[in-house]
Structure formats: structure tokens, C-alpha cells
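Please keep the sequence and the model in view while reading.

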Amino acid sequence: MPLEEYRRKRKFSETPEPKGRKHTAARRLPMFVIQKHDASRLHYDFRLAIDGVLVSWAVPKGPSMNPADKRLAMRTEDHPMEYGDFEGVIPEGHYGAGKVIVWDTGKYESDAELQLTEQLVRGEIKFTLHGHKLRGSFVLIHTGKRATVKSRANQWLLIKHRDEHADPTWHIETPTLDRSVLSRATLHAG
Ligand code: MN
């Protein structure tokens, strides 16, 4: 059920993206993935594994390690767990057409007492990332909760908390941050 929208938008005979199977939530630390996606508008897809699916947000400017940056994050449809290591080119004319690389991935853990599912429902998720590029404590806050305009209802903010990993000089366009952490590919070459 949670993957219905994901599947409805795609033709799996024509796109290399995974269809996804049923997954039970793992007992180990959950994983997160951030995919850099060269679609009609370049963006970063931020995904947290919660209850066996990748709960997903499109972040136009990408995440930031600077606590002063509040990054707009638009909630999108849940993706299957198999999407976590998907890299490739979604064909022209298909939903999300363009190249995808795994920009960062790793484990994450909740920073709050509440279950992640409950934090998601309440619209405030506090977590610590253990990634290659992103580390430390973050929050996702649902700001569009009471919005009457549908497009605003999906609005969240992704913000870095102040901790030892925070970096006010951090910039996502830094060349050393460009590559896939899985294949070393960039969006523009090879
Ligand atoms: Mn995307």
C-alpha cells in the first residue's frame, strides 16, 4: 500500500528503477540515502527508512551542514527500500527523467524518545546521520501542516542542529562533495 503512488507513476518495463518488494522493518539502525537527481530541476532526494519504506523529501538546494540554513524539503511519495542503492538514468519521457547518483548514504538513529513513525505523523523528526558526507544531528519539521493549498501541505524544513559536526563554512557545491559515494560517478561525466 505505501508504495502505490510510487508504482503508479512509473513503467517498470521501461525505467531501470526498482519496483520494490515488501519489507519488514529491520532491528538494526535504519538507513538513509540522499540521491542527487538531475531531473528537469536539479535536486537532492532525502530518504529515511521508516517502517520498511524510504520516506522521501525532495530538497531543491540540498542538505546543509550549516545550522543557519533552513532547507525547503518537499515530501514526495514513499520509495521502496531497494531504491536506496539505485543509480542510473531514468529515460526521457518518464517520471523524474534524468540521471540519479547516490550522493550520500549510511545509518541514522532517532534523537527523540518517540518512535520514528510517530515523529513522522507529528511532523517533527529528530535524528543523527552517520553518513560519508553528512554527520550529526538534524531535524525535519513539517511547516505546511495547516496549509490549505495542496502544494504547501507537503512543505518541510531540513535543518542541521548545532553540534560538533556543524560547519558554517560548509557548501554543497564543493567539488570534493560532488561524487557518488557508491560508484564515484558524478552527474555530468561517465
Ligand atoms: Mn527526484
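Read along the sequence, the pattern of the protein is α-β-β-β-β-β-β-α-β-β-α-β. That makes three helices and nine strands, where helices (H or I, at least four residues) and strands (E, at least two) are DSSP runs numbered from the N terminus. The model is predicted, so to speak of local features requires pLDDT of at least 70 and side-chain atom pairs count only at pLDDT 80 or more, while totals for chains, interfaces and linings use all residues. Residues are numbered from 1 along each chain as its sequence is written, and side-chain values use heavy atoms, with hydrogens and water left out.

The overall dimensions come next. Along its principal axes, the C-alpha trace spans about 45 × 40 × 40 Å. The radius of gyration is 16 Å, which agrees with the value near 16 Å for a compact globule of 190 residues; this radius is taken over C-alpha atoms, and the globule rule is 2.2 Å times the number of residues to the power 0.38. The accessible surface comes to about 10500 Å², with 50% of it belonging to carbon and sulfur atoms; the areas come from the Shrake-Rupley method with a 1.4 Å probe, and for residues only the protein chains shown count as cover. Of the 190 residues, 47% count as buried (buried means under 20% relative accessible area, exposed over 50%, partly exposed in between; 1.4 Å probe, protein chains only). Among contacts (heavy atoms within 4.5 Å) between residues at least 6 apart in sequence, 58% join residues at least 24 apart.

Which residues have the most contacts inside the largest nonpolar core? They are Phe46, Leu48, Trp57, Ile125, Phe127, Leu129 and Leu140, in a core of 28 residues. A nonpolar core is a set of buried Ala, Val, Leu, Ile, Met, Phe, Trp, Tyr and Cys residues joined through side-chain atoms within 4.5 Å. Two or more residues of this core come from each of strands E1 (31-38), E2 (42-50), E3 (53-59), E6 (98-110), E7 (124-131), E8 (135-142) and E9 (155-160), and from helix H2 (116-122). A second, separate core has 11 residues, among them Leu54, Tyr83, Phe86 and Val102.

Leucine 140 shows some of these links. Neighbours within four places in sequence aside, leucine 140 is in contact with residues including Phe46, Leu48, Trp57, Ala73, Ile125, Phe127 and Trp156. Isoleucine 141 lies in strand E8 and counts as partly exposed, at 29% relative accessibility. With the neighbours within four places again left aside, isoleucine 141 contacts Gly123, Glu124, Gln155, Trp156, Leu157 and Ile159.

In strand E2 is aspartate 45. Is aspartate 45 buried or exposed? Its relative accessibility is 6%, so aspartate 45 counts as buried. Not counting residues up to four places away in sequence, aspartate 45 touches Val33, Ile34, Gln35, His37, Trp57 and Ala58.

Two residues remain for their backbone angles. Most residues other than glycine have a negative phi. Aspartate 51, in the loop between E2 and E3, has a positive phi near 55°; at 51% relative accessibility, aspartate 51 counts as exposed. Arginine 184, in the segment after E9, has a positive phi of about 70° although it is not a glycine.
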